[in-house]
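Trainee: I would like to go through this model with you. Can we set each label against its rule?

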Amino acid sequence: MVQDEPNGEIVAAGGAVREKKPNFFQRIALFIRQVFAELRKVVTPTRQELMKFTAVVLGFVVVMMAIVYGLDVLFVWVTTVVFGVPAGATP
């Protein structure tokens, strides 16, 4: 006996009749039909929504760039303090 995961029913482990697996081309056709069915569900954003989403993404990118820049400056300062720079060194 095996427990069926989705609803917890107990089913027999063997003896179940399986449906015949569709051939390769039928599976491709089914996949394409399912893709088109999912694409029909897609809602295109309005211009106002698109502008708002774009502003949010650009704002997030700017904030992340500032954080990375700040960490870079901090690490350069820490390494300069820890290891020092020789007095006569020129880059």
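Mentor: Begin with the aromatic pairs. The count comes to one. Rings of Phe, Tyr and Trp (its six-membered ring) pair if their centres lie within 6.5 Å.

Trainee: What makes Phe 24 and Phe 25 an edge-to-face pair?

Mentor: Planes under 30 degrees apart count as stacked, over 60 as edge-to-face and the rest as tilted. The ring centres of Phe 24 and Phe 25 lie 5.5 Å apart and the planes stand at 75 degrees, so the pair is edge-to-face.

Trainee: How far can I trust the model?

Mentor: The model is predicted; local features need pLDDT of at least 70 and side-chain atom pairs count only at pLDDT 80 or more, while totals for chains, interfaces and linings use all residues. Residues are numbered from 1 along each chain as its sequence is written, and side-chain values use heavy atoms, with hydrogens and water left out. pLDDT is the predictor's confidence in each residue, from 0 to 100. The protein chain averages 85, and 75% of the residues score at least 70.

Trainee: Why is Phe 25 called exposed?

Mentor: Buried means under 20% relative accessible area, exposed over 50%, partly exposed in between (1.4 Å probe, protein chains only). Phe 25 has 66% relative accessibility, so Phe 25 counts as exposed. Of the 91 residues of the protein chain, 0% count as buried.

Trainee: What makes Lys 41 and Glu 38 a salt bridge?

Mentor: The rule asks for a side-chain nitrogen of Lys or Arg within 4 Å of a carboxyl oxygen of Asp or Glu. Here N to O is 3.1 Å, so the pair qualifies. The count of salt bridges comes to one. Lys 41 is exposed at 58%. Glu 38, at 47%, is partly exposed.

Trainee: How do you know the span of H2 is close to the expected one?

Mentor: Helices (H or I, at least four residues) and strands (E, at least two) are DSSP runs, numbered from the N terminus. The expected span is 1.5 Å times one less than the number of residues. H2 has 37 residues and reaches 53 Å from first C-alpha to last, close to the 54 Å expected. H1 (residues 24–40) has 17 residues and reaches 25 Å, close to the 24 Å expected.
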